[in-house]
Amino acid sequence: MLTPMSLAASADFTVDAVTCTDSHPRWSEAEAAPGHLIVLVRRGRFRRRARDGVFEAEPGTAYVQEPGEPVEFAHPAGGDVCTAVWVRPGLWRSVVGEDRPARTSFYVDAAVDLAHRRLVGRRDVEFGVAEGLVGLLGAAVGRLSPRPLPGAEDRAAVAAAREAVLADAPESAGLVPLAESLGVSPYRLSRAFSREVGVSLTRFRNRVRVGRAVERLEAGEHDLAGLAADLGFADQAHLTRTVREHLGHTPAALRRLLAG
């Protein structure tokens, strides 16, 4: 069951927080969106099947859906929470363009995630939210361009690697031990990961850690040294460099930005 909660609305777009309580491993019946939709996953995990194949949706990922495009869903891990942004045709065309995106799903880097968080937290609908939404769509467009995909065995290795990183498994601390645990060469895993996800395994791991740091900062975390240790950074300076590389802000500046 889907429970939407309106966060913002204007003549050009609506933004909803959607809680899903479904729990079923089998594919649902095909359903189609009535408008242009971009969905960003905030919590939980589920599977989505569309014209470009099966997509494992989890925090740090997103997908788009065009009017009338059929999709199916499976929820083997239980419920989830997403942000659903419905965009009117005129605004969609002005940012995304006239052509249908080659891909329907994409990896959400830290910059897109920050735009998402600021979008959800804003109350100035006609300007602040609209500006954040345009930035969010613009940042996502490049992720939807076509790229070659790896074969089935490599896709399975990439999925297992992502799972290990998201679970903070001990072997995910380095490329070599991670590849060994999956029974593939580091070179093969690295190349397959970049082709499948669109970013390197190293950047994906850092993006996951930066995302966790942002969540803690958004909640008011002040102990940056402790935060760095909890997230596996060498020290506070390492945390600061990595966060600034991904987001262009230091952790202290991000805390103020998110609070505002």
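A pocket is an open set of points, on a 1 Å grid over the protein atoms alone, where a 1.4 Å probe fits, with protein on both sides within 12 Å along at least five of seven lines; lining residues have an atom within 4 Å of a point. The structure is a predicted model, in which local features need pLDDT of at least 70 and side-chain atom pairs count only at pLDDT 80 or more, whereas totals for chains, interfaces and linings use all residues. Residues are numbered from 1 along each chain as its sequence is written, and side-chain values use heavy atoms, without hydrogens and water.

**View 1. The largest pocket and its lining.** The space in this pocket is about 650 Å³, taken as that filled by probe spheres set on grid points joined across faces, edges and corners. Among its 30 lining residues, Val54, Phe55, Glu56, Arg162 and Glu196 lie nearest the centre. The lining comprises 14 nonpolar, five polar and eleven charged residues.

**View 2. Pairing of strand β8.** Strands are DSSP runs of E of at least two residues, and two of them pair if DSSP finds at least two bridges between them. Strand β8 (residues 70–74) runs antiparallel to β3 (residues 31–32), joined by two bridges, with Ala32 opposite Pro70. Three bridges link β8 to β5 (residues 46–50), also antiparallel; here Arg48 faces Phe73.

**View 3. Surroundings of Val85.** Beyond its neighbours within four places in sequence, Val85 is in contact (heavy atoms within 4.5 Å) with Thr14, Val15, His36, Leu37, Ile38, Leu119 and Leu133.

Methods. Helix = DSSP H or I, 4+ residues; strand = E, 2+ residues; numbered from the N terminus. Nonpolar A, V, L, I, M, F, W, Y, C, P; charged D, E, K, R; others polar.
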